[in-house]
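I set down here, in order, what I looked up in this structure. The entries begin with one residue pair and widen to the whole chain.

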Amino acid sequence: IHGVSDMNLSACFTEDKANLTLFGDMESIKAISEGANRIVFIGSASDRYIMDLFSGVSSFLYIPVPTHFKTRSNNKYYSGDQSLPYKYKDVIKKIHSVVTVGDVVFVAAGVIGKLFVLHSKYNGAVALDVGSALDQIADANIHSLH
C-alpha cells in the first residue's frame, strides 16, 4: 500500500475491517440513513431479529438471504430452504421490483453481496456493503476475523 501513494489516483484506501467501525452499531446505521425515503436491508439475519433492530424506523424493508455455514446453526440468522448460490437471482429480481430512488440499501451477504449493491444502485438507491458488521450488530457471538 505504500506504493499507492506514488500513484496519481483519486481513490481512498483503508484496511479491510473499516466496515466494523462505520457500520458496527445501530446508531451509525440510523445516522447514515437520515434523509432516506426508506431503509432496505439485504442480509442473513433472521426476520424476527432484524425487525427488532429496525423497530424504530418508519419505512423499512428487509430482504433475507440464506446464511453460510458459519451461522447456519445460529438462531439469529436465516437459513432458508436453499443455499445462496441457488437463490441469488431471486434476490436480484426482488431488488429490481422494490428498491427505488431515495432508498438507502445496506447489504450483508458476503462476496455475492457486491452484486446486490450494484443492482440496488442500478435502481437509483444509495447502497452500502456493511459486510460482517451484521455479525457485530446482531451480537451473534461470532467474530468476523475467524
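This is a predicted model: local features need pLDDT of at least 70, side-chain atom pairs count only at pLDDT 80 or more; totals for chains, interfaces and linings use all residues.

**Entry 1: the centre of the sheet**

In strand 2, Pro-64 is the bridge partner of Gly-43. Strand 1 and strand 2 pair over five bridges, in the parallel sense.

Next I followed strand 3 to its other neighbour. Strand 3 and strand 4 are joined by four bridges, again in the parallel sense, and Phe-106 has Leu-128 in strand 4 as its bridge partner.

In what order do the four strands of the open sheet lie? I recorded the order 2-1-3-4, with parallel pairing. Strand 2 and strand 4 (126-129) are the edge strands, each pairing on one side only. From one strand to the next, the twist averages 15 degrees.

Strand 1, helix 3 and strand 2 form a right-handed β-α-β unit. Strand 3, helix 5 and strand 4 form a right-handed β-α-β unit too.

**Entry 2: strand 3 and Val-104**

Why is strand 3 described as largely enclosed? Six of its six residues are buried, so the rest of the structure largely encloses strand 3. I checked the two faces separately. Asp-103, Val-105 and Val-107 are buried on one side, and Val-104, Phe-106 and Ala-108 are buried on the other. As a general point, side chains in a regular strand alternate between the two faces of the sheet.

I took Val-104 as an example from strand 3. Its relative accessible area is 9%; buried means under 20%, so Val-104 counts as buried. Leaving aside neighbours within four places in sequence, Val-104 is in contact with Ser-33, Ala-36, Arg-38, Ile-39, Val-40 and Val-126. I also looked up its distance to Lys-121, which is 17 residues away along the chain: the C-alpha atoms are separated by 9.6 Å.

For strand 2, I noted that four of its five residues are buried, and that this strand is mostly covered.

**Entry 3: helices on the sheet**

I turned to the helices. Helix 2 lies across strand 1, strand 3 and strand 4, and runs at about 145 degrees to strand 3. Helix 4 (residues 84-98) packs on the sheet and touches strand 1, strand 2 and strand 3. The direction of helix 4 makes about 165 degrees with that of strand 2.

In helix 5, the buried residues are Gly-113, Phe-116, Val-117, His-119 and Ser-120. These buried residues pack against strand 1, helix 4, strand 3 and strand 4. After helix 5 comes Gly-124, with a positive phi near 95 degrees.

Not counting residues up to four places away in sequence, His-119 touches Ile-92, Ile-95 and His-96.

**Entry 4: the nonpolar cores**

I looked up the largest nonpolar core, which has 20 residues. Phe-41, Ile-50, Phe-54, Phe-60 and Phe-106 touch the most other members. At least two residues each come from helix 2 (26-33), strand 1 (38-43), helix 3 (47-53), strand 2 (60-64), strand 3 (103-108) and helix 6 (133-137). A second, separate core has 17 residues, including Leu-84, Val-117, Ala-125 and Ala-127.

**Entry 5: the whole chain**

The protein chain has six helices and four strands, in the pattern α-α-β-α-β-α-β-α-β-α along the sequence. Of its 146 residues, 42% count as buried. Among contacts with a separation of 6 or more, residues 24 or more positions apart account for 57%. The protein chain exposes about 8500 Å², of which carbon and sulfur atoms supply 55%.

Definitions and conventions: Residues are numbered from 1 along each chain as its sequence is written. Side-chain values use heavy atoms; hydrogens and water are left out. A nonpolar core is a set of buried Ala, Val, Leu, Ile, Met, Phe, Trp, Tyr and Cys residues joined through side-chain atoms within 4.5 Å. Buried means under 20% relative accessible area, exposed over 50%, partly exposed in between (1.4 Å probe, protein chains only). Two strands pair if DSSP finds at least two bridges between them. Axes are lines fitted to C-alpha atoms, for helices over the stretch in contact, and angles run from 0 to 180 degrees between N-to-C directions. Contact means heavy atoms within 4.5 Å. Accessible areas come from the Shrake-Rupley method with a 1.4 Å probe; for residues, only the protein chains shown count as cover. A crossover is right-handed if, with the strands pointing away from the viewer, the path from the first strand over the helix to the second runs clockwise.
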